[in-house]
Amino acid sequence: MALTPRILPALLVYSTLFSAILGNTHSPASHRGNRPIPLTEQPKAAACPVPLGSQGSAKPSDPFWLQAIEHQGTSPRNPDPANYRVFRNVKDFGAVGDGIHDDTDAINAAIQSQGRCGGGSCPSSTISPATVYFPKGKYLISRAIVPYYYTQLVGDPKDLPTLLAAPTFNDMAVIDANPYIPGGGGSQYWVNQNNFFRVIKNFIVDVRQVPPEKAQGTGIHWQVSQATSLRNIIFYMSDAPNTAHQGIWMENGSGGYMGDLVFNGGKFVRNITVNNAQTGIFAVWNWGWTFQGLTIRNCQIGLEMQTGGLTSETQTAGAEAIIDAYVVNTPTFLQTTQPSANSLAGSVVLNNVKLENVPVAVRVANGPIVLTGGTRTIDSWGQGNVFKGDNPTGQFTQGNLPASHKASSLLDSAGRIVSRPQPQYETFLVSDFVSVKDYGAKGDGVADDTQALKSIFTQFAGCKIIFFDAGHYIVTDTIFIPAGTRMVGEAWSVIAGRGAKFQNQRDPQVVFRIGNPGDVGIVEISDVIFSTVGPAAGAVIVEWNVKEPAGIKAGAGMWDSHIRTGGVAGSQLTNTQCPKTGAGGFDNCFAAFLHLHITKQSSAYLEATWVWLADHDLDNDGVSQISVYSGRGILSESQGPVWLIGTGSEHHAVYQYRLLGAKDHYMGLIQTESPYYQPTPPAPAPFSLNESSKYSDPALYNDGAPSAWALSVQDTVEPIGGERSLVKGVKSPTHPLYE
């Protein structure tokens with residue numbers, strides 16, 4: 001999607017905002033979900049002789065497991081698969097990590113070696129993945145570190161490595177995820193909206209040696225898109241009165257997730273903490289942000305938002321939701337730049353914001369105080385347009401809003417929305433892990449790994465952490481992933497269903513079944529991609545059945561794991577088979593019936609999960625639009641709790657998100673796009689609507705050539721956002737429709 005670049009010195013993401021809390025629903029008999037699976041068909045969970053436990057026995061002096069484990073990861077579609085290295089330790093490339101030697105060249109060599117995708121000549125690529133590992137130490141940086149496409153930069157979480165900017169540092173940022181090409185007239189390495197698949201986690205970024213007045217004292221230039229995350233990073237910047245230092249700078253992009261970040265000092269970001277900054281977060285332009293678990297201490301201004309546009313063309317900061325914030329010793333919490341004049345295209349919602357010694361809650365710069373502060377809690381307050389029913393004209397509101405019902409199942413002991421950091425298993429020894437390649441799985445994109453993976457899950461679920469070395473694992477039958485499973489990939493290991501079982505859209509079959517209905521237990525999945533090899537018109541890629549154990553909220557979850565179909569080497573659903581013209585036909589270009597089904601008895605915590613049907617190739621030329629077909633994105637019938645944090649669902653024919661008879665869901669934020677080929681053909685083509693109780697589809701909205709629903713919410717009587725009405729669906733943001 002082409003977007004006009006804007007500048008946002010602190011934080012920006014292009015996304016469609018829908019933050020919702022859904023509670024107290026009912027499910028009529030006509031929507032009771034899937035038929036029970038006969039006991040004779042149900043795989044049994046592993047009989048674990050020695051359960052793993054929640055904590056390991058690793059000593060502080062023991063190496064982090066990722067550093068110690070044997071690395072057998074491969075990239076089967078790489079031009080040199082036998083010699084290509086997925087895992088790279090920066091010290092193997094000459095980095096010293098003593099804070100004295102300049103480690104810039106060694107680190108960039110670790111990232112760039114073996115012809116990886118970067119430098120401005122490669123739009124995208126999935127065939128050269130890399131996990132670049134930094135052991136503990138202090139790495140002196142004199143020029144920008146550039147993470148190439150499909151890169152994970154991972155520090156030692158047991159002892160965070162420091163990236164120390166040299167006093168002479170003069171580049172845009174210590175880590176630059178999308179450099180501007182010198183003399184390129186504003187061109188960059190990658191188109192920002194397609195700058196997918198980056199992770200940076202477990203670092204300290206220290207720019208205090210850079211003179212405070214220089215904006216080059218910036219930690220990360222993060223101009224990225226979906227399937228990206230920043231996690232567990234501490235930023236140190238100058239707190240001098242004239243500081244121009246910044247933690248993160250984002251001027252455009254599309255989607256993404258950030259969490260567990262701490263900013264100390266500087267001028268200008270699920271858990272963000274800003275200490276002693278002049279302005280904690282400065283937003284110039286965006287579509288939408290959800291700030292959850294925000295803490296601001298000892299700043300002059302907590303958040304400053306460029307607002308005041310009266311139309312969508314002139315709005316600046318868009319839809320901002322600030323949830324569960326804690327603000328201390330800060331003169332002004334939220335400052336906007338223009339008065340609303342009783343009209344505003346953008347919006348801001350404050351929910352459960354606790355103030356301590358904050359004289360002004362909301363004000364206009366050089367203007368009036370809109371909401372007084374003090375020491376108090378703002379339960380629910382908003383500024384913007386409220387839409388009701390099918391009325392396309394919003395009513396401007398500035399003041400208290402009806403408090404949204406929040407189910408207790410969604411909240412922690414302090415009454416905040418639950419958040420859970422990605423498990424990294426710092427306390428576990430390398431002997432607590434098993435590699436699937438040590439037990440017969442090939443991951444070469446050709447061999448059928450079905451039996452090997454079935455055996456591995458049966459033998460080790462609950463007993464070991466299952467490590468999927470980088471690769472492309474093919475399965476031809478349903479894979480049962482039992483409750484108790486902890487599995488982690490390497491540079492987004494791909495597990496894909498293929499073959500005759502997944503062909504019939506009138507008899508859909510599950511590829512990956514996570515637990516059986518009624519199962520209770522821990523499930524933890526990280527850094528994995530679930531997929532198909534086309535065609536697969538009858539594939540239900542992931543069926544999520546497991547419910548978290550009592551007393552362990554968010555105990556069944558996925559982090560930095562995605563459900564991706566088409567557009568990549570090995571998918572058989574690329575421009576070669578399925579060009580934009582539609583010349584590939586329908587039958588050869590079906591990707592899936594349904595990507596993710598969260599069933600009635602389950603609970604799920606999904607953080608930074610992208611459910612994407614590719615609209616263009618990531619491999620081959622990296623830009624050609626394709627015509628591939630997926631029926632549905634995410635269907636949830638769960639009675640809760642379900643947390644969808646930083647998720648997206650795109651390009652599915654019938655709907656992107658559907659809540660059917662669901663209860664106790666938190667969604668913040670969600671991002672959608674309808675298929676690019678619609679309305680030619682219109683929804684639901686090339687699929688048929690499923691009107692049975694299993695995978696029941698919504699009716700199409702009233703239009704001669706309808707596109708897919710962005711969001712369908714059906715059989716819910718408790719409000720979203722406090723409005724007592726039946727919400728059947730919401731179309732795309734460019735064509736709002738409420739029915």
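A disulfide is a pair of cysteine sulfur atoms within 2.5 Å. By this rule the count comes to two disulfides, and we will meet both below.

## About the model

What you see above is a predicted model, where local features need pLDDT of at least 70, side-chain atom pairs count only at pLDDT 80 or more, and totals for chains, interfaces and linings use all residues. Residues are numbered from 1 along each chain as its sequence is written, and side-chain values use heavy atoms, with hydrogens and water left out.

The predictor's confidence in each residue is given by pLDDT, from 0 to 100. The protein averages a pLDDT of 88, and 89% of the residues score at least 70. Two stretches call for some care when you browse. Residues 1-41 stay under 50 in pLDDT, and residues 719-739 are also below 50. For residues 1-41 the model has 163 contacts (heavy atoms within 4.5 Å) beyond four places in sequence.

Cys 578 and Cys 589 form a disulfide, with their sulfur atoms 2.1 Å apart. The link is left-handed, with -105 degrees about the S-S bond for the other pair, Cys 117 and Cys 122, and -100 degrees for Cys 578 and Cys 589. Cys 578 and Cys 589 are 11 residues apart, and each lies in the loop between strand 34 (562-565) and strand 35 (590-592). Strands here are DSSP runs of E with at least two residues, numbered from the N terminus.

Cys 578 counts as buried because its relative accessible area is 0%, where buried means under 20%, exposed over 50%, and partly exposed in between (1.4 Å probe, protein chains only). Cys 589 is buried too, because its relative accessibility is 0%. In the other disulfide, Cys 117 is joined to Cys 122 with an S to S distance of 2.0 Å, and both of these cysteines are buried. Another buried cysteine is Cys 299, at 1% relative accessibility.

## Two parallel sheets

Strands of a sheet pair through backbone hydrogen bonds, either parallel or antiparallel. In this report two strands pair if DSSP finds at least two bridges between them.

Three bridges connect strand 10 (residues 218-221) with strand 12, and His 221 has Trp 249 of strand 12 as its bridge partner.

## A look at His 616

His 616 sits in the loop between strand 38 (610-613) and strand 39 (629-630). Is its position buried or exposed? His 616 is buried, because its relative accessible area is 6%.

The side chain of His 616 makes a polar contact with the side chain of Asp 615 at 3.2 Å. A polar contact is a pair of N or O atoms within 3.5 Å; within protein, one must be able to donate a hydrogen and the other to accept it, and residues adjacent in sequence count only if both atoms are side-chain atoms. Leaving aside neighbours within four places in sequence, the contacts of His 616 include Asn 194, Phe 196, Gly 567 and Ile 626.

How values were computed
Helix = DSSP H or I, 4+ residues; strand = E, 2+ residues; numbered from the N terminus.
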